[in-house]
Amino acid sequence: MLTTMKDLLSVAVRERFAVGSFNIANSEFVRAVIETAEAENSPAILQIHPNEINLMTDHFAAYCREAAHNAKVPIVIHLDHGGTVEDVVRAIRNGFTSVMIDGSHLPYEENVKLTQEAVRIAHSVGVSVEGELGTIGDTGTSSEGGAMDIIYTDPDQAKEFVDRTNVDTLAIAIGTAHGFYPKHMTPKLQIDRLKQIHSRVDIPLVLHGGSDNPDEDITESVKYGIGKINLSSEMKRAFFNELRETLQEYPNGYEPDILFPSSTAAAKEVISRKMKLFGSTGKADLYGASSKAGLLLK
């Protein structure tokens, strides 16, 4: 069941759980997310970064949309870290139901202006928009990048940003980073900052860099408005670590039905565990029959 981010997260924030947003780069990850979501009776978000759509091409988006339509649980297709209006338009034309416009590295007024334009375009066709204020850290282990020096989200500026741009969700910087944390870097979320932002902003908040953070920090963050948690590195590491072991067992192997099943199962284990941690397991039932009729997108 394909839906928008606004509709998906309105339920999540009201019921105080978060929905996992999983970066997918091939059909195995699409299956892993949707099949696990159905098994866990959980909503889920298929998240595609511009690097990933460039790799898989626009035809991959059509495959994702069909898979989401046929899913038994609510699914969103979301553009991750769109950097330009052109990225947003491409995603909308490909049938995404949510887009992120990331102007976080721009001066504040330029970020506002870019986000306003993305909102104007996306809202005209019923697509949700995620903005970003503050910068996500860069561990040097992810192709998504980030900032070496994190600029934390200012709570008062967050309220102004939301009021001026009319975004549906806001990605905030409270101490996370893309990728895996090296030994010298200890992740610690600024929950007090999150509380202040939550008290001023009345839309769902987004946590980027969801891999490799302490479970207790993640659980605590959901109490204060985090409705969407991005996850990529942990899921992909499980998949490719298992694939490496399979290739060692079958050094001359080349058939996908031999190489991929155990890797997909490894990714599913991570997805399942995160859904339980985020509190979304079993929550698809909250999107009742009457709600589903309104959520379904053709």
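Helices α6 (residues 108-123) and α7 (residues 155-165) pack at an angle of about 35°, their axes 9 Å apart. Axes here are lines fitted to C-alpha atoms over the stretch in contact, and angles run from 0 to 180 degrees between N-to-C directions. Helices are DSSP runs of H or I with at least four residues, strands are E runs of at least two, and both are numbered from the N terminus. The model is predicted: local features need pLDDT of at least 70, side-chain atom pairs count only at pLDDT 80 or more, and totals for chains, interfaces and linings use all residues. Residues are numbered from 1 along each chain as its sequence is written, and side-chain values use heavy atoms, with hydrogens and water left out.

The crossing of α6 and α7 is right-handed; that is, the near helix is turned clockwise from the far one by less than a right angle. From α6, Tyr108, Glu109, Asn111, Val112, Thr115, Gln116 and Val119 take part. They meet Gln157, Glu160, Phe161, Arg164 and Thr165 of α7. Contact means heavy atoms within 4.5 Å. The residues of this contact divide into 4 nonpolar, 5 polar and 3 charged. Asp, Glu, Lys and Arg count as charged; Ala, Val, Leu, Ile, Met, Phe, Trp, Tyr, Cys and Pro as nonpolar; the others, Gly among them, as polar.

Look next at Phe161, in α7. Its relative accessibility is 0%, so Phe161 counts as buried. The classes are buried under 20% relative accessible area, exposed over 50%, and partly exposed in between (1.4 Å probe, protein chains only). Leaving aside neighbours within four places in sequence, Phe161 touches Tyr108, Asn111, Val112, Thr115, Gly131, Glu132, Leu133 and Leu170. Val201 lies 40 residues from Phe161 in sequence and 9.6 Å away in space, C-alpha to C-alpha.

Now the aromatic rings. Rings of Phe, Tyr and Trp (its six-membered ring) pair if their centres lie within 6.5 Å; planes under 30 degrees apart are stacked, over 60 edge-to-face, the rest tilted. The count comes to 6 aromatic pairs. In one of them, Phe239 and Phe260 have ring centres 6.2 Å apart and planes at 35°, so the pair is tilted. Phe239 sits in α10 (residues 233-249), and Phe260 in the loop between α11 (256-259) and α12 (261-278), 21 residues apart. Phe239 is buried at 1% relative accessibility. Phe260, at 26%, is partly exposed. Ring pairs link Phe29, Phe239, Phe240 and Phe260 into a cluster.

Finally, the whole chain. It has 13 helices and 10 strands. Of its 298 residues, 57% count as buried.
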